[in-house]
Amino acid sequence: MELSSKKLEKAVNEMAQLPGIGKRTALRLVLHLLKQPKEQTQFLTEALQNMRQEIKFCSNCNTLSDNDVCDICLNPKRDKTIICVVEDIRDVMAIENTGLYKGLYHVLGGRISPIDGIGPSQLSIFPLVEKVKLGEVKELIFALSSTMEGDTTNFYIYKQIQDYPLNISTIARGIAIGDELEYTDEVTLGRSLLHRIPFEVSLKNV
């Protein structure tokens, strides 16, 4: 895409790097910004810079946070004996939107996928196992996507902690096989959490 301004072209090319944004959409967004007051663009620039420079990962659950420990982990009303294991931060947001889960989270940062070169060491699995070893966790809920990689990750973690005295459950399969958790509607996701089943039972259905 050749434009009359090299600066405009550079802005469009950078915007088009975002997922789901093609060159035409990027051009439309950039032109929209040009129509706005300069202060509005400055606010957006500052917000993005602050996010990139100052946002942190919670030292306890690995989700995004403004501080060393996120608000969810610091909330005294949350049940600290239940941990919901998810792939990434978007899954935390999806579950929180249901309003039905009152425990804590542990964000793995992905799922085991040998074809993509992602093994257990690339994920936050060891810190999760260490939490279980402390003996304060009573239930671990697997809430990974219903894919082969998600099931593989569930099983790997299960093998690391199966000898410890805690309940290990998985969300009910109201979520279709192969579905990503973040795209599941809130009602289905909420029911899947409420009607979770023991992980050993889910193994028999694989």
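This is a predicted model: local features need pLDDT of at least 70, side-chain atom pairs count only at pLDDT 80 or more; totals for chains, interfaces and linings use all residues.
Trainee: How do the lining residues of the largest pocket divide, nonpolar, polar and charged?
Mentor: Nine are nonpolar, two polar and two charged.

Trainee: What about the second largest pocket, how much space is there?
Mentor: About 210 Å³. Its lining includes Cys 73, Lys 80, Ile 83, Tyr 105 and Glu 136. Strand 3 (79-86) and strand 4 (103-107) each give two or more residues to that lining.

Trainee: What classes line the second largest pocket?
Mentor: Six nonpolar residues, one polar and three charged.

Trainee: Strands next. In which sense do strand 3 and strand 4 pair, parallel or antiparallel?
Mentor: Parallel, over five bridges.

Trainee: What unit do strand 3, helix 5 and strand 4 make?
Mentor: A β-α-β unit, and a right-handed one. Helix 5 covers residues 89-98.

Trainee: How many bridges join strand 3 to strand 5?
Mentor: Four, and those two strands run parallel as well. Strand 5 spans residues 139-142. Look at Ile 83: its bridge partner in strand 5 is Leu 140.

Trainee: Switching to charges. How many salt bridges does the structure hold?
Mentor: Seven. In general, side chains of opposite charge can pair when their charged atoms come close.

Trainee: Take Lys 10. What does it form a salt bridge with?
Mentor: Glu 14, with the closest N and O atoms 3.9 Å apart. Both sit in helix 1, four residues apart, so about one helical turn separates them.

Trainee: Lys 10, buried or exposed?
Mentor: Exposed, at 53% relative accessibility. Glu 14 counts as partly exposed, at 49%.

Trainee: Which side chain meets Arg 78 in a salt bridge?
Mentor: Glu 96, at 2.8 Å, N to O. Arg 78 is in the loop between helix 4 (71-74) and strand 3, while Glu 96 is in helix 5, so the pair ties together parts 18 residues apart in sequence.

Trainee: Is that Arg 78 buried or exposed, and why?
Mentor: Buried, because its relative accessible area is 11% and the cut-off for buried is under 20%. Glu 96 is partly exposed, at 27%.

Trainee: Last pair. What is the N to O distance for Lys 133 and Glu 130?
Mentor: 3.5 Å, in a salt bridge between their side chains. The two are three residues apart in helix 6 (residues 126-133), so they are separated by about one helical turn.

Trainee: How accessible are they, Lys 133 to begin with?
Mentor: Lys 133 is partly exposed at 44% relative accessibility. Glu 130 is partly exposed too, at 31%.

Methods
Residues are numbered from 1 along each chain as its sequence is written. Side-chain values use heavy atoms; hydrogens and water are left out. Ala, Val, Leu, Ile, Met, Phe, Trp, Tyr, Cys and Pro count as nonpolar, Asp, Glu, Lys and Arg as charged, and the others, Gly among them, as polar. On a 1 Å grid over the protein atoms alone, a cavity is a set of points where a 1.4 Å probe fits but cannot get out, and a pocket is an open set with protein on both sides within 12 Å along at least five of seven lines; lining residues have an atom within 4 Å of a point. Grid points are joined across faces, edges and corners, and a volume is the space filled by probe spheres set on the points. Two strands pair if DSSP finds at least two bridges between them. A crossover is right-handed if, with the strands pointing away from the viewer, the path from the first strand over the helix to the second runs clockwise. A salt bridge is a side-chain nitrogen of Lys or Arg within 4 Å of a carboxyl oxygen of Asp or Glu. Buried means under 20% relative accessible area, exposed over 50%, partly exposed in between (1.4 Å probe, protein chains only).
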